[in-house]
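I opened my notebook for a look around this fold, and these are the entries.

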Amino acid sequence: MKEIDPRETSRAYAFEMWMQAPMPMVTFFKTLDVTRLVRLSRKKGLKFNMAMCWCIGRAASGMKEFYLLPVGDKLMRYDTIAVNTIVADRRGEVSSCDIPFSDDLRQFDDDYMRLTRQVAESCENHDLTDSMVIGTSALARYEIDGAVGMYSGVFNNPFLIWGKYKRHLLKTTLTVSFQFHHTQMDGAHAARFLDRVQREINGLRV
């Protein structure tokens with residue numbers, strides 16, 4: 001990653017407007033049709049959460065806004081992105097695990113399984129500080145209608161939260177929340193990203 005001059009980017013106005021705002025985070029909610037994701041997971045023996053993280057990474061990797069992130073009082077540009085997941089470790093607590101995004105589902109699955117096992121056993125976070133990390137938190141056992149992430153003032157990374165998916169007669173749905181820093185992207189970018197996540201799910205080969 002490297003520091004860049006915000007004035008030389010499309011985020012110049014947003015940087016000026018939102019970097020000093022007391023609450024610069026925005027949260028969107030969207031209900032996704034995850035029918036194909038559930039079918040893929042069952043047919044190929046994949047974890048639903050892994051496949052969801054891969055679709056998120058795929059959607060984000062094609063948008064330039066996800067390679068920028070305000071860090072402290074600077075705007076940083078990254079060459080790569082990663083997707084974070086929260087892992088239940090052997091202590092009965094939770095640890096954080098960053099998985100490097102790969103466009104290859106098999107490679108991402110291998111990295112996901114290897115790194116989450118490592119974190120679960122070691123009880124130590126796995127952090128990728130040289131990638132722009134998209135945070136996720138899956139409360140898969142619980143039916144929730146939505147969640148708003150906490151703004152710590154330290155981490156400005158985009159963050160998605162979801163609970164248990166809901167089965168209907170002809171489809172399965174999942175409501176997700178997406179929190180983002182307004183300096184990194186505008187509402188239209190965020191809405192486009194969520195639409196891209198849905199398209200990635202719809203395009204899965206089951």
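**Entry 1: the helix I started from**

I looked up α3 and found 14 residues, reaching 20 Å from the first C-alpha to the last, close to the 20 Å expected at 1.5 Å a residue. The expected span is 1.5 Å times one less than the number of residues. Helices (H or I, at least four residues) and strands (E, at least two) are DSSP runs, numbered from the N terminus.

A note on what I am reading: this is a predicted model, where local features need pLDDT of at least 70, side-chain atom pairs count only at pLDDT 80 or more, and totals for chains, interfaces and linings use all residues. Residues are numbered from 1 along each chain as its sequence is written, and side-chain values use heavy atoms, with hydrogens and water left out.

Next I asked how many of the residues of α3 are buried. I found 12 of the 14, so α3 is largely enclosed by the rest of the structure. Buried means under 20% relative accessible area, exposed over 50%, and partly exposed in between (1.4 Å probe, protein chains only). Among the buried ones I noted Phe 48, Met 50, Trp 54 and Gly 57.

**Entry 2: Asn 49**

I picked Asn 49, which lies in α3 (residues 48–61). Asn 49 counts as buried because its relative accessibility is 16%. Which side chains does Asn 49 make polar contacts with? I found Thr 85, at 3.1 Å, and Tyr 112, at 2.7 Å. A polar contact is a pair of N or O atoms within 3.5 Å; within protein, one must be able to donate a hydrogen and the other to accept it, and residues adjacent in sequence count only if both atoms are side-chain atoms.

I then listed the contacts of Asn 49, leaving aside neighbours within four places in sequence: Thr 85, Tyr 112, Ala 138 and Trp 162. Contact means heavy atoms within 4.5 Å.

I went on to the helix axes, which are lines fitted to C-alpha atoms, for helices over the stretch in contact, with angles that run from 0 to 180 degrees between N-to-C directions.

- The axes of α3 and α4 (residues 105–122) come within 10 Å and cross at roughly 125°. That makes α3 oblique to α4. Angles under 35 degrees count as roughly parallel, over 145 as roughly antiparallel, 65 to 115 as roughly perpendicular and the rest as oblique. I noted Asn 49, Met 50, Cys 53 and Trp 54 of α3 meeting Leu 105, Phe 108, Asp 109 and Tyr 112 of α4.
- The axes of α3 and α5 come within 8 Å and cross at roughly 125°. That makes α3 oblique to α5. The contact includes Met 52, Cys 55 and Ile 56 of α3 and Phe 193 and Arg 196 of α5.
- The axes of α2 and α3 are 9 Å apart, and the two helices pack at an angle of about 130°. That makes α2 oblique to α3. The contact is made by Leu 37, Val 38 and Ser 41 of α2 and Phe 48, Ala 51, Met 52 and Cys 55 of α3.

**Entry 3: α2**

I checked α2 (residues 35–44) and wrote down its buried residues: Thr 35, Leu 37, Val 38, Leu 40 and Ser 41. What do the buried residues of α2 pack against? I found β2, α3, α4, β10 (172–181) and α5 (187–202). After α2 comes Gly 45, whose phi is positive, near 65°.

**Entry 4: the loop between α4 and β7**

I found Cys 123 in the loop between α4 and β7 (132–138). Cys 123 has a positive phi of about 60° although it is not a glycine. I marked this, because most residues other than glycine have a negative phi. Cys 123 is buried, with a relative accessible area of 15%.

Ser 131 has its place in the loop between α4 and β7, and counts as buried at 8% relative accessibility. Ser 131 and Ala 82 are 49 residues apart in sequence and 6.0 Å apart in space, C-alpha to C-alpha. The side chain of Ser 131 makes a polar contact of 2.7 Å with the side chain of Thr 80.

**Entry 5: Thr 27**

Last, I looked at Thr 27 in strand β2 (residues 25–33). Buried or partly exposed? Thr 27 is partly exposed, with a relative accessible area of 23%.
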